Amino acid sequence: MSKINIEIFSTFAVILIIMAIGYLIKQIGWVSTDNIKGFNTIVMNIALPCLMFNSLYTFDLSMISTLGTIPIIGVCCGILMAIITFLIFNLLKIDETKKWSLLTAVVIGNTGFIGFPVIMGIFGETGFLRAVFFNLADNLMFVIIYTLLIVKFNGEYRKIINKILHMPFIWGILIGLTFNIFNIPIGDVLSTTISYLGDITIPLILLTIGLSMQFDKIKEDLNLSLLATALKLFIYPIIALIILSIIPMNTFENNIILIQGGMPAAMVTLSLAIEFDLDTNLATNTIVISTLLSLITLPILISIL
């Protein structure tokens, strides 16, 4: 077995073990589902912003022109996938709430909660930085989908700005980049504190995913969940490959984009389903199925690249 294949196997073994621990401690009652929100809050409001800040504070600014292309490619992928998915589910004439639940799952990938651990484990900090830039595209697609859902289901437009302002990891990116550009020192104590907090991000993310896993209604609308999963795990990377043939990048950036394109449905799919009264069971099932199958498809995709 080659060194890269060992790294892929080891990374996914660690991911699966930590996710399984999260699921098991919930099943035996050590942690309840009520704790999920607390873990998620720590990740989203403290740990992940620190990880983002640290990555952007220390990265080479001369690479900004190259890395700045990654979100553009990501948005192109997302918009094209949204159009394809919308047309497919329109042809199938499925219920509007189901259609938008599935479209959200296909368009917004779990490039953070799954993408960051995978890419950090295999490619280290260099790959992680590129993963962050692709994740920016997914966050922009979240804003686009959120706006469309407000238009479609009569939500409140002021919530859009509120959502953006309450994304701490975005502030982590902006502040880290600003401090880097203006070469603002933060001192050893603050630097070490931010590093320590950033280091807990990946384990907490994986435990949270394990805690969130539910299988009790997995058979409901299974065909639709599998179709959305196929679009997300197989068609999305193909679309990314086509776009990369039009907007070429270096091999390393290409690989990160293709891997991020092959990530499963994002956890935020369920949040949107709840907020807009979509099909929450279908959203949950698509997240679970795509996440589990991605543990098979992602190692294959990475080994091919």
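The model is predicted, with local features requiring pLDDT of at least 70 and side-chain atom pairs pLDDT 80 or more, while totals for chains, interfaces and linings use all residues. Residues are numbered from 1 along each chain as its sequence is written, and side-chain values use heavy atoms, without hydrogens and water.

Helices are DSSP runs (H or I, at least four residues) numbered from the N terminus. Axes are lines fitted to C-alpha atoms, for helices over the stretch in contact, and angles run from 0 to 180 degrees between N-to-C directions.

| Helix pair | Axes come within | Crossing angle |
|---|---|---|
| α5 (residues 96-107) and α6 | 10 Å | roughly 170° |
| α5 and α11 | 9 Å | roughly 25° |
| α6 (residues 115-153) and α8 (residues 168-181) | 12 Å | roughly 135° |

Helix α6 is oblique to α8; angles under 35 degrees count as roughly parallel, over 145 as roughly antiparallel, 65 to 115 as roughly perpendicular and the rest as oblique. The crossing of α6 and α8 is left-handed, a term for a near helix turned anticlockwise from the far one by less than a right angle, with clockwise being right-handed. In this contact (heavy atoms within 4.5 Å), Val132, Asn135, Leu136 and Asn139 of α6 meet Phe169, Ile170 and Ile173 of α8. Five of these residues are nonpolar, two are polar and none is charged. Ala, Val, Leu, Ile, Met, Phe, Trp, Tyr, Cys and Pro count as nonpolar, Asp, Glu, Lys and Arg as charged, and the others, Gly among them, as polar.

Helix α5 is roughly antiparallel to α6. Residues of α5 including Trp100 and Leu103 meet residues of α6, among them Met141 and Ile145. Their contact has eight nonpolar, one polar and three charged residues.

Helix α5 is roughly parallel to α11, and their crossing is right-handed. Among the residues in contact are Leu102 and Val106 of α5, with Leu224 and Leu231 of α11. Eight nonpolar, no polar and two charged residues form this contact.

Helix α11 bends by about 35° at Ile235, and Pro237 follows within four residues. The bend is the angle between axes fitted to the seven residues ending there and the seven starting there.

Methods
Helix = DSSP H or I, 4+ residues; strand = E, 2+ residues; numbered from the N terminus.
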